[in-house]
Each structure stands twice: as structure tokens, then as C-alpha cells.
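This report walks through one protein model, from its strands to its charged pairs. Keep the sequence and the 3D view open while reading.

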Amino acid sequence: MTPTLKYLFAYGVILAGLLRMTVHTSEVRQQANHITRSPLLDDHSLEQEVIGSEDSPVKVYIKVHESSPPILCATPQLRSMELMDPNFSWKGPRGMRLSNRADVKISLTGTLTIENFHKELSGVYECTIYFYSTSTKSLQSLNLKYVLYAYVDPNYTYEFQAQYHAADCHNTYNSLFLKRLITALNQLTTDLAYTISIYKSRCHTLKVPLAGIQYELFLTLKLHLDMAKLASICEKNLSECDHNFRLEKARHRVETFFTKQAETYREIFGLLPFVYYIDGTLQVIRVDRCKPGFGKDHKKHPMCPECCVVCSPGTYGIGYHVSCLPCSEAIGYGESDCDMD
């Protein structure tokens, strides 16, 4: 057997062995929702009231399909004052008539709540309170503004970065090994409606003291959702349709595959082959994506830095990007296309 065929056979045995071991590894179901709401946002949770400010509009973040917190037509100062016969008037964004909406409730004390919030309800809400002040003995009014933002949790996936000791960078062993590697990894995830691809593959020449010249492959692998396979899974069994559950299982399988490689090489051959995984180099990187019309911006939305917040006028969100992009023609909230023709 030629050296090339001998090493290809070895690679096949190694990967097949790892594949059998990994498939039968116990898998622990993890929390489906891995998005942790910002501690800052928790300070303004849906159980607490939102109070206005005379200095600037108050930002309120409301998760899509959930109800808003109670939004008071008042300031901390007004709440400590004795008011006679206060009267409240609310205006919605873009001329929206709030009194005609079944999902909008305004109490007798001027508190606004909105049920089943969605991105089209985002915008500036204004409340005007008219009252007679006993201290000044005069009729007064105060206008307060609130900016309501719909938000959703990010959709996310994973990238994997790993390093392999390699044959020299021009050796065909490297490319042939990578084909076998990606085939083995895809066999681990195919039942979960995920495929894996090599996003980047770079070979570097390194000079190591006392060891001479060595070659290393730096790999970046990406997980991709197979929509057709997912539809088939969901059609057969809705309980298996949970995206986050399947994604976490895929991550667990890939991690197990890599962490066992160095041990498996030694157990099977005693000596490492030309191309082998460098133990401890695996990095798992979470990559967030936002739905069209939403984006993350920790500077603009410091109260909700990990949220995908609805894009404001002048911006739009497209193609599961993580940020809203500039667009002078986007005049509404939640625009997903800059071509408004």
C-alpha cells in the first residue's frame, strides 16, 4: 500500500471511530432559551410601572407579542403633588387613534397598556396631563413623551474554530483529510437539520524552537440550517421542531467530536498521523442574527444591549444582519428594505 493510501485509510478509520463514539454519547437537553435579558432591562421589567420625564422622552422596550408595562402619564414630581381633577390625553405614533384599538387600554388615571405588542406599534407616544395645582392655584398642563420599541431575542448559530497539525501546506493529504472530516461532521448533524461547511481553511508554516518547521491548519466551520429538512421534521413531529434544542444538540455533538480526537488517535495508532487535531484549540463562537426589521445597537439601546430592537426611521434591517443599516428613505419603524419604490 502506498503511503498516500495508507494515510487515507488511517484517516477513514479515525473519523469512523470518532463518529461511532460521538453519536452514542449522551446528550443533555439544555434550556431552549439562551438569551439572557440585560440586568438593566430587568430594572424596568413588565411588572413595574414606567414613569415619564420632563427632560427627555423615556425609552420603553416591549417584547413582540407580549404586553407593555403600565406607562404612567406622570412624573415623579407630579406623583408627589396634590392634583385636583386631572385629565389625561394620549396620542399614538403617526396619528394612530388609540381610543379605537382593542389592544390599547387607557385607565381613568391615565395609565397606558398595550397588549400583544408588535413592531408596527413602535414609535413616539405622547401624553398630556391637565390639572389644577393646589400649590399655585392655577390650571396647568404637562406634555410627556415615550418612545416604545418592539424587540425580539436574537436568532443565533455557532461557528467552530480549530487547529490541526498538518503535512506541508502544499501536500494533498491536507485537502483529502478535510473532505473526510467535513463528511464525518455532517453525518453527526444531518438528523438535526443542520449541515456543516468549512468557512475558512488556512495553512501556516511555523518555526518551533527545538522542533524545526511545522505546519498548522486553521479552520473555521459554520453550522447551516437546512430549511427543507427542518420542514420535514416539523411536519412529522412538532415536539422535535424546537430550533434552539436542535442547535444545542448539534453544538454538543461537534464539541464532543473534537475533544475526543487526540485521545482517539493515540488509542488507535500510538503515533499521531500527518494531520491531527491539536488538543485544546477548539473555540465555540456564538453568532447572533436579527430578524428583518430589527437590529442590535448597545450604544443607542443601552437598556437592552442584547436585544434585537426594531429599526428606527432612517434605518432598516435585512437578511438576518445583526445591525440596522442606514437608509434615508426608510420613514417607518421596522423597515426591512431600503428600496421604497
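Helices (H or I, at least four residues) and strands (E, at least two) are DSSP runs, numbered from the N terminus. Two strands pair if DSSP finds at least two bridges between them. The model is predicted: local features need pLDDT of at least 70, side-chain atom pairs count only at pLDDT 80 or more, and totals for chains, interfaces and linings use all residues. Residues are numbered from 1 along each chain as its sequence is written, and side-chain values use heavy atoms, with hydrogens and water left out.

**Strands**

E5 and E6 form a hairpin with four residues between them. In the turn, Lys137 has a positive phi of about 50°. The two strands are antiparallel and share eleven bridges, and Tyr130 stands opposite Ser141 in E6. E5 also pairs with strand E2 (residues 83–91), antiparallel, through seven bridges; here Lys91 stands opposite Glu126 in E5.

Strand E9 (residues 212–225) likewise has two antiparallel partners. Eight bridges join E9 to strand E7 (residues 155–166), with Leu221 in E9 as the bridge partner of Phe160. Strand E8 (residues 194–208) is joined to E9 by 14 bridges, and Lys207 has Ile213 in E9 as its bridge partner.

**Cores and surface**

A residue is buried under 20% relative accessible area, exposed over 50%, and partly exposed in between (1.4 Å probe, protein chains only). A nonpolar core is a set of buried Ala, Val, Leu, Ile, Met, Phe, Trp, Tyr and Cys residues joined through side-chain atoms within 4.5 Å. Which members of the largest core touch the most others? They are Trp90, Tyr125 and Leu148, out of 38 residues. Strands E1 (58–63), E4 (112–114), E5 (123–133), E6 (138–152) and E13 (308–310) each give two or more residues to this core. E6 gives the most, with nine residues. Another core lies apart from it and has 28 residues, including Ala162 and Leu181.

Leu139, found in strand E6, is exposed, with a relative accessible area of 68%.

**Helix H6**

Helix H6 (residues 243–259) has 17 residues, which should span 24 Å at 1.5 Å a residue. The expected span is 1.5 Å times one less than the number of residues. Its end C-alpha atoms are 24 Å apart, which agrees. Of these 17 residues, 13 are buried, so H6 is largely enclosed by the rest of the structure.

**Salt bridges**

Side chains of opposite charge can pair when their charged atoms come close. A salt bridge is a side-chain nitrogen of Lys or Arg within 4 Å of a carboxyl oxygen of Asp or Glu. By this rule there are ten salt bridges. The table lists some pairs.

| Pair | N to O distance |
|---|---|
| Lys63 and Asp153 | 2.8 Å |
| Arg101 and Asp103 | 3.0 Å |
| Arg251 and Glu248 | 2.8 Å |

Lys63 lies in strand E1 and Asp153 in the loop between E6 and E7, so their pair ties together parts that are 90 residues apart in sequence. Asp153 is partly exposed, at 23% relative accessible area. Arg101 is partly exposed at 28%, whereas Asp103 is buried at 16%.

Arg251 and Glu248 are three residues apart in helix H6, about one helical turn. Arg251 is buried, with a relative accessible area of 12%, and Glu248 is buried at 5%. Finally, Arg286, Asp288, Lys296 and Glu306 are linked in a network of salt bridges.
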